[in-house]
Amino acid sequence: VKKLLLSYSYPGNIRELKNIIERLVVLSDDGFLKYEDLPLLDLESHADDDKTSQGDLTKTLKELRTETEIAHIKEVLASTGQNITHAAEILGISRRQLSNKINEYGLNDR
């Protein structure tokens, strides 16, 4: 785990590192971090950052933000066993805001 954390490029800078560490702590069992707790690191896609596909170049910033937000919300909800209150805490938003986003993005149709 330490080796992966040290080799990751952190494209989101220090905020991404902070979020990753917070999520790892939440997901850890008895304070031990395991490799299985690292699916939140998309190591392969960041290795290919220099090879951005043409499809990504045609998307607006709003579309990319929305796609990223949806993927992240799904990931956090999955990691919390669909516990909206806990997921909202991890995401740093209120439970009501998360519920609104779940409805807006149609994520309640799991």
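Reader: What makes the crossing of α5 and α7 left-handed?

Author: Happy to start there, and please keep in mind that this is a predicted model. A crossing is called left-handed if the near helix is turned anticlockwise from the far one by less than a right angle. The crossing of α5 with α7 is assigned to that left-handed class. The helices themselves span residues 61-79 for α5 and residues 95-104 for α7, and they pack at an angle of about 115 degrees with their axes 11 Å apart.

Reader: How do you know that α5 and α7 meet, and which residues are involved?

Author: Contact means heavy atoms within 4.5 Å. On the α5 side, Glu-69, Ile-73 and Leu-77 take part, and they meet Leu-98, Lys-101 and Ile-102 of α7. Sorted by class, this contact holds four nonpolar residues, two charged ones and no polar ones.

Reader: Why is Thr-85 called partly exposed?

Author: Its relative accessibility is the value to look at. Buried requires under 20% and exposed requires over 50%, with partly exposed in between. Thr-85 comes out at 37%, so the residue is partly exposed. You will find Thr-85 in helix α6. Its C-alpha atom is separated by 9.0 Å from that of Arg-96, which is 11 residues away along the chain.

Reader: What makes up the largest nonpolar core?

Author: To belong to a nonpolar core, residues must be buried and joined through side-chain atoms within 4.5 Å. The largest such set has 10 residues: Ile-73, Val-76, Leu-77, Ala-87, Ala-88, Ile-90, Leu-98, Ile-102, Tyr-105 and Leu-107. Another core, of seven residues, lies apart from it and includes Tyr-8, Ile-20, Leu-24 and Leu-38.

Reader: Which residues does Leu-107 touch, beyond its neighbours within four places in sequence?

Author: With those neighbours set aside, Leu-107 is in contact with Ile-70, Ile-73, Lys-74 and Ile-102.

Reader: And how many helices and strands does the chain have?

Author: Seven helices and zero strands, so the pattern along the sequence reads α-α-α-α-α-α-α. Of the 110 residues in the chain, 23% are buried. The accessible surface is about 8100 Å², with 52% of that belonging to carbon and sulfur atoms.

Technical notes
Residues are numbered from 1 along each chain as its sequence is written. This is a predicted model: local features need pLDDT of at least 70, side-chain atom pairs count only at pLDDT 80 or more; totals for chains, interfaces and linings use all residues. Side-chain values use heavy atoms; hydrogens and water are left out. Axes are lines fitted to C-alpha atoms, for helices over the stretch in contact, and angles run from 0 to 180 degrees between N-to-C directions. Helices (H or I, at least four residues) and strands (E, at least two) are DSSP runs, numbered from the N terminus. Ala, Val, Leu, Ile, Met, Phe, Trp, Tyr, Cys and Pro count as nonpolar, Asp, Glu, Lys and Arg as charged, and the others, Gly among them, as polar. Buried means under 20% relative accessible area, exposed over 50%, partly exposed in between (1.4 Å probe, protein chains only). Accessible areas come from the Shrake-Rupley method with a 1.4 Å probe; for residues, only the protein chains shown count as cover.
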